[in-house]
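Biologist: I'm new to this one. Could you walk me through how to read it?

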Amino acid sequence: MQPSLKADLIDEKSISGPYGRGSPGDAALIAMVNKDPASTDLSRRKSQFYGEVFAYREPNVTARDRVNRYSVIACEVKTNVIVRDEYTFLQDLSQHLSQRYQRPVSSIFITLRHSECVLFAGSFDSAYTITITALPSQLQPVTNKRNAAMIQTFMSELLGVTPDRGIIRFVGISEEYLATNGNTVQGEIDNLSKDSSEDTTDTKRSTPLRRGRSRKSSRPEKLNLQLERSRPVTSDKVASPASRGPPLPDMPREMTPLDKRAEKVQKMGRRKSFLALFSGNKPKIAV
């Protein structure tokens with residue numbers, strides 16, 4: 001190696017300092033590993049707070065909307081196709097209807113009649129009929145149009161029957177004529193509305209009154225208090241002497257002999273002091 005090239009390499013090594021830092025991601029990873037429980041709990045609370053604040057809040061719905069959301073969807077299937085696995089067919093169709101009508105599987109009711117004798121368009125080829133019974137709110141024209149295409153596509157995959165060999169009937173039934181669990185849908189709506197109104201009434205009763213009062217309402221009260229204080233006390237409210245304690249004895253009007261003697265001595269002492277004032281002799285004090 002030439003001496004000049006070797007000198008250049010030595011200079012480059014002396015220019016670059018020692019590399020003691022890791023990559024930018026290493027610092028965050030070390031901070032996460034060495035984080036104490038207090039900071040972890042604080043970050044979790046912050047995430048929960050922002051999650052609750054920015055979470056989607058469902059608007060207030062009526063009792064009718066809540067009942068209709070979980071109302072029963074009845075489906076009846078008739079086909080001339082021989083279904084080998086009835087349980088799998090019913091479970092798959094139940095899941096599909098649950099997705100289509102956006103309700104739990106517990107609200108889907110399906111009956112299956114297969115191996116039927118069906119003649120459609122002058123042919124005994126594979127065909128089916130489906131009758132879906134539900135509340136009118138679940139069978140809107142736009143909803144029926146979309147669900148008809150989706151259900152017949154699913155039936156062609158499940159039974160192997162083309163959509164042109166299938167018929168779907170959407171039958172709407174009013175809330176007064178659809179019942180389950182011993183009560184009609186209308187009755188369930190009425191009960192839920194009654195319970196909601198009672199809960200609202202109880203909440204209003206249990207809510208304490210506001211402590212703050214307006215100035216206008218406090219002025220009459222202050223005025224009434226001042227008037228009551230300025231009123232004279234009536235004789236009815238003054239307690240009688242009998243109610244305070246035993247009666248005091250009457251003061252004697254006539255003087256006793258001791259009182260007369262003391263009064264006489266007092267008069268004599270005054271007379272002697274008056275005479276001594278003019279005579280210049282000091283009065284003798286009796287011991």
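Predicted model: local features only at pLDDT ≥ 70, side-chain atom pairs only at ≥ 80, totals over all residues.

Biologist: What average pLDDT does the chain have?

Modeller: pLDDT is the predictor's confidence in each residue, from 0 to 100. Here the chain averages 75, and 52% of the residues score at least 70. Over residues 235–239 pLDDT stays under 50, and the model has 2 contacts (heavy atoms within 4.5 Å) beyond four places in sequence for that stretch.

Biologist: Which residues have the most contacts inside the largest nonpolar core?

Modeller: A nonpolar core is a set of buried Ala, Val, Leu, Ile, Met, Phe, Trp, Tyr and Cys residues joined through side-chain atoms within 4.5 Å. Buried means under 20% relative accessible area, exposed over 50%, and partly exposed in between (1.4 Å probe, protein chains only). The largest core has 23 residues, and Leu93, Ile130 and Met155 have the most contacts inside it. Strands S1 (73–79), S2 (108–113) and S3 (128–134) and helices H5 (86–101) and H6 (141–159) each supply at least two of its residues. These labels come from DSSP runs numbered from the N terminus: helices are H or I, at least four residues, and strands are E, at least two. Apart from that core lies another, of 6 residues, including Leu135 and Val185.

Biologist: Which elements cover the buried residues of H6?

Modeller: Among them are S1, H5, S3 and strand S4 (166–172). The buried residues of H6 include Asn147, Ile151, Phe154 and Met155. Gly160, with a positive phi near 80°, follows H6.

Biologist: How many disulfides does the structure hold?

Modeller: A disulfide is a covalent bond between the sulfur atoms of two cysteines. With the cut-off for a pair of cysteine sulfur atoms set within 2.5 Å, the structure holds 0. Cys75 is buried at 2% relative accessibility, whereas Cys117 is exposed at 72%.

Biologist: What is the phi of Ser115?

Modeller: Most residues other than glycine have a negative phi. Ser115 has a positive one, about 60°, and lies in the loop between S2 and S3. Ser115 counts as partly exposed because its relative accessibility is 41%. Asn181 also has a positive phi, near 60°, and it counts as exposed because its relative accessible area is 78%.

Technical notes
Residues numbered from 1 in each chain as written. Heavy atoms only, no water.
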